[in-house]
Structures are given as structure tokens and as C-alpha cells.
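This report describes selected charged residues and their surroundings. The sequence and structure are shown first.

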Amino acid sequence: MGPPARMPIGLALARSAKIVSRAFDDALAAAGGSLPSWLILISLKTRVHANQRELAAAIGIQGATLTHHLNAMESAGLLLRRRDPANRRVHQVTMTDEGERLFHRLRQAATEFDRQLRTGLDDGDLDALTRTLGTLAGNVATDATDAFPNPTAAH
């Protein structure tokens, strides 16, 4: 049995994802952050979360992992956690001014990275890529939350 005529899609996708992920991590690190800190800050900035559990669900990580990241970010002065007066077991999370500054630096890095990724692609290419990635995810998704929505689909 010889080699496949084409590289398997999963292998090509995994290799591409690894390269892009490393480059994005490097771009965020150069701006003073990381992927977890970016996900936490953008989630805090764009959504209202009543507690840490909702924040963990919104960014797709386990509560214990979130706690680890929040501890580091709180120590760095990027956010504050306060107990909810109505339920002392619940922590409310808010950004500090330093967290706000980091958010803006990371947003700039993410925007520049996205611009770099889009180099050589027109709107049709991007639409096709989004559809294809959605199809690939849907082909292997174990439940509806694993697949990502197609933003170009009619609603």
C-alpha cells in the first residue's frame, strides 16, 4: 500500500492549526498576554457574567483551569474577584484599569494577526473557508456545542 494521493484533510488541518496557534500565541505574548488571558478579557469585555462558572462556560474551559488563570491575572492586577453579596459562594469577576489596558493591547495584536491571516484571501475565499471549516467540524462533532455556527448562513 503506497502513500495517499493527497495529504489526509485531518493531518493538513492539524498541522495548519498548530502553526497558526503558535503564531497567535507569539503575537499575544509580544503584546504582554496569552491566549487564556485574551479569552478571559474579551469575554469579560463583551458579555456580562454573573459568576466564574458562567465565565468558564463562555470560554470553554473547566472551572479549575479558569481559577488558575484568574489567580494569576488577579495577582498581576488585571482583574478583581469579589464575592456576590447575594450568594457568598459565587465570585464576580471585573477588569481593573490595568486589565483594560492589556485588553486593548491584545485586541490590537489579535486584529493585526487576523489581518495577516487574511492576506491573499478575498471575501469569497473567506466565506468558502468558513463554510468548509464548519462542515469539517460538523462531520466529527459529538454534539451541537462542538460545531461552530456558520456566520454566512441565512438566519
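In which strand is arginine 81 found? Arginine 81 belongs to strand 1, which covers residues 79–84. The model is a predicted one, and the values below are computed from it.

Arginine 81 has a relative accessibility of 18%. Because buried means under 20% relative accessible area, arginine 81 counts as buried. Its side chain takes part in polar contacts with the side chains of asparagine 71 and glutamate 74. The distances are listed in the table.

| Side chain | Partner side chain | Polar contact |
|---|---|---|
| Arginine 81 | Asparagine 71 | 2.4 Å |
| Arginine 81 | Glutamate 74 | 2.9 Å |

A further arginine, at position 107, is located in helix 5, spanning residues 97–117. Arginine 107 has a relative accessible area of 41% and is therefore partly exposed, since this class lies between the limits of 20% for buried and 50% for exposed. The C-alpha atom of arginine 107 is 8.3 Å from that of isoleucine 42, although 65 residues separate the two along the chain.

Aspartate 123 is part of helix 6, which comprises residues 123–140. The relative accessibility of aspartate 123 is 60%, so this residue counts as exposed; the cut-off for that class is over 50%. On the surface, Asp123 gathers with Asp122, Asp125 and Asp127 in a patch of negative charge.

In summary, arginine 81 is buried, arginine 107 is partly exposed and aspartate 123 is exposed.

Definitions and conventions
Residues numbered from 1 in each chain as written. Predicted model: local features only at pLDDT ≥ 70, side-chain atom pairs only at ≥ 80, totals over all residues. Heavy atoms only, no water. Helix = DSSP H or I, 4+ residues; strand = E, 2+ residues; numbered from the N terminus. Buried < 20%, exposed > 50% of the residue type's maximum accessible area, 1.4 Å probe, protein only. Patch = residues over 30% accessible without salt bridge, like charges linked within 9 Å, V, L, I, M, F, W, Y side chains within 5 Å. Areas by Shrake-Rupley, 256 points an atom, 1.4 Å probe, with all protein chains shown as cover. Salt bridge = Lys/Arg side-chain N within 4 Å of Asp/Glu carboxyl O. Lys, Arg positive; Asp, Glu negative; His and termini not counted. Charge placed at Lys NZ, Arg CZ, Asp CG, Glu CD. Polar contact = N/O pair within 3.5 Å; in protein donor to acceptor, adjacent residues only side chain to side chain.
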